[in-house]
Amino acid sequence: LLPHVSHRADLDYIFGELVGESNTGHCYVNWGDFPRVKRVDTGLLGAELQPDKKAGRYIIGKIYRGENWNKTRLSPLTVQGVGIKEGDYLISLNKHEVTLKDNPYKFLENTVGKRIPIVVNDKPGKIGARTYLIKPIKTEKELRYFDWVETRRKMVDKLSGGKIGYIHVPDTAVEGNRELFKGMYAYYDKQALIIDDRNNRGG
């Protein structure tokens, strides 16, 4: 394959194949001399936006609740003093009016951790709109993970009539042990446990 290598990505592909053939665990291939493009951090709302084509605006379709006492799971639209609800229309963001003609995330560039205004309304117009100050976050990864776990926990509880507890083990290191022990103490009175090891990051 070497005569056909025309880019560093091609070489990394071959390295990956070599690692796979060696059947070696905890062995990785990292980038080499790739050009590094300067990154622009885009703030995130901890929510999913849905288009309302008739109104020409975005609706806040889902708000990830998170755990606001935990910095890694802070949900900007649910902090104290912010009264935004699922189903509200997004009117403006960071002093820019937002319609379906816009990519709303362009108004969130370089806003991570900065206090910016967001205007919402229970209808697509500006009359009666509400303004709040929020701090966009850098990543929604933990919020989405927490929502994924909570959804399955509630499903197991409902389908088992409260008899079975659910624990997801995210890794076999610190966080995984913490979640396992938390679950064991919380569900000591359950008849059974589902211990979910999917998407485990190892450790």
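A salt bridge is a side-chain nitrogen of Lys or Arg lying within 4 Å of a carboxyl oxygen of Asp or Glu, and a search of the whole structure finds 19 of them. The model on your screen is predicted, so local features need pLDDT of at least 70 and side-chain atom pairs count only at pLDDT 80 or more, while totals for chains, interfaces and linings use all residues. Residues are numbered from 1 along each chain as its sequence is written, and side-chain values use heavy atoms, with hydrogens and water left out.

**First stop: helix H2**

Select residues 141–159, which form helix H2; helices (H or I, at least four residues) and strands (E, at least two) are DSSP runs, numbered from the N terminus. H2 has 19 residues and reaches 27 Å from its first C-alpha to its last, close to the 27 Å expected at 1.5 Å a residue, where the expected span is 1.5 Å times one less than the number of residues.

Now show the side chains of Leu-143, Tyr-145, Phe-146, Val-149 and Val-156, which are buried in H2; buried means under 20% relative accessible area, exposed over 50%, and partly exposed in between (1.4 Å probe, protein chains only). They cover an arc of only 160° around the axis, which puts them on the same side of H2, the arc being that of the directions from the helix axis to the C-beta atoms. Then turn to the face of H2 pointing away from its buried side, where you will find the exposed residues Lys-154, Lys-158 and Leu-159. Just after H2, Gly-161 takes a positive phi of about 65°.

**Second stop: Arg-73**

Which residues form salt bridges with Arg-73? One is Glu-67, with the closest N and O atoms 3.2 Å apart, and another is Glu-142, with the closest N and O atoms 2.9 Å apart. Arg-73 lies in the loop between S2 and S3 and Glu-142 in helix H2, so this pair ties together parts that are 69 residues apart in sequence. Both Arg-73 and Glu-67 are buried, whereas Glu-142 is partly exposed, with a relative accessible area of 23%.

Finally, select Arg-178 and Glu-175, which form a salt bridge whose closest N and O atoms are 2.5 Å apart. Being three residues apart in helix H3 (residues 174–186), Arg-178 and Glu-175 are separated by about one helical turn. Arg-178 counts as partly exposed at 41% relative accessibility, and Glu-175 is partly exposed at 36%.
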